[in-house]
Amino acid sequence: MDLAGVTTPAAASWSRDTVLLGQTNFFALLALALALVARDRAASGVWLALAVAAKPTFVLAMPWFVFRRHWRGALAAALALAALGLAAVALFGAHTCEAYFRDRVLSRLPDFMYTQSVNASLLAAVLRVLHVHAPSELPIVSLRSTSRSRCCSGSRHAWAAWRGAVAGAKWSFTAAWVFALLVYPSSLTHYSVALLPPMLVLWTTRAATPGGAAGVIVLIAAIYALHACPGGEAKLVARLLLWGVLVGMALRAPAAVAWRQAPLALQRSASSGG
């Protein structure tokens, strides 16, 4: 297998924590991987919707279909989410499903969820740095700064998805998952299981990656090393590092494809001229 399946994922801390804590990350990972394979087809929306059902964090990756102008995928995702919602109503009853939204279950999470060391989100890092115990206690300046950072990151990702078009789809699509991990308020460290497909894509396309195989190996080693460090800040840095690389790859993809096709175009023109 390529680089031992990206350095033996089963030995990583995120895999061990997923098993020990009984999390649903592997179900989300399977759906995300299938969505990546089907990224140019409508089925990608269905697979991403299933990933959202396993781990709601990835609902923040849904706008990728709009930025990418992948309307069939967006429609399939909307229909799949609607079908999953109807299935939930059928299984648990309309009153239970309504209460989930009416009582704002997510907004009543205990404050330590946002400041615990295993939270690797951007918001959690800001709270810990400022020694604030809850998002509601954030100073208005810091809150604006955090919101500005999220908006800037989202704008970069939107531009990468639009600019990358079909050529950069695999990069911008996987960057969307990492972006979701960055901005979701309670994104825990074991959610980093979702980093495996992007790293595998980087390794399998290492010949077309700046820095080649050595550069990709250094990047993957850095991500694993940062996840071995205690605290959520190191994991946040790892996610930011991978997200930046994926966005950069998406932005350069059209130019890279044009550069590779240029010699073929010259050969054809020379043949027709001859």
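Tutor: A cavity is a set of points, on a 1 Å grid over the protein atoms alone, where a 1.4 Å probe fits but cannot get out. Grid points are joined across faces, edges and corners, and a volume is the space filled by probe spheres set on the points. The model is predicted: local features need pLDDT of at least 70 and side-chain atom pairs count only at pLDDT 80 or more, while totals for chains, interfaces and linings use all residues. Residues are numbered from 1 along each chain as its sequence is written, and side-chain values use heavy atoms, with hydrogens and water left out.

Student: How many cavities of 30 Å³ or more does this rule give?

Tutor: The count comes to one cavity of 30 Å³ or more. The largest cavity has a volume of about 40 Å³.

Student: Which residues line the largest cavity, and what is the lining by class?

Tutor: Lining residues have an atom within 4 Å of a point. For the largest cavity they are Asn-25, Ala-28, Leu-29, Leu-32, Lys-55, Phe-58, Tyr-191, Val-193 and Ala-194. Ala, Val, Leu, Ile, Met, Phe, Trp, Tyr, Cys and Pro count as nonpolar, Asp, Glu, Lys and Arg as charged, and the others, Gly among them, as polar. The lining therefore has seven nonpolar, one polar and one charged residues.

Student: What makes up the secondary structure of the protein chain?

Tutor: Helices (H or I, at least four residues) and strands (E, at least two) are DSSP runs, numbered from the N terminus. The protein chain comes to 14 helices and zero strands.

Student: Which residues of H4 are buried, and what places them on the same side?

Tutor: Buried means under 20% relative accessible area, exposed over 50%, and partly exposed in between (1.4 Å probe, protein chains only). In H4 the buried residues are Ser-44, Gly-45, Leu-48, Ala-49, Ala-51 and Val-52. They cover an arc of only 155° around the axis, which puts them on the same side of H4; the arc is that of the directions from the helix axis to the C-beta atoms. They pack against helices H3 (25-37), H5 (64-67), H6 (71-92) and H11 (169-183), where contact means heavy atoms within 4.5 Å.

Student: Why is helix H12 called mostly covered?

Tutor: Seven of the nine residues of H12 (residues 196-204) are buried. They are Leu-196, Pro-197, Pro-198, Met-199, Val-201, Leu-202 and Trp-203.

Student: What makes Leu-219 count as buried?

Tutor: Leu-219, in helix H13 (residues 212-228), has a relative accessible area of 11% and is therefore buried. Leaving out residues up to four places away in sequence, Leu-219 touches Leu-202, Leu-241, Leu-242 and Val-245. Leu-219 and Leu-202 are 17 residues apart in sequence, with their C-alpha atoms 9.6 Å apart in space.

Student: How do you know that Leu-242 is buried?

Tutor: Leu-242 has 0% relative accessibility and so counts as buried. Leu-242 belongs to helix H14 (residues 232-273). Beyond residues up to four places away in sequence, Leu-242 touches residues including Val-178, Leu-195, Met-199 and Ile-223. The C-alpha atoms of Leu-242 and Leu-195 are separated by 8.2 Å, although the two residues are 47 apart along the chain.

Notes
1 Å grid on protein atoms, 1.4 Å probe; cavity = no way out; pocket = protein on both sides within 12 Å on 5 of 7 lines; lining within 4 Å.
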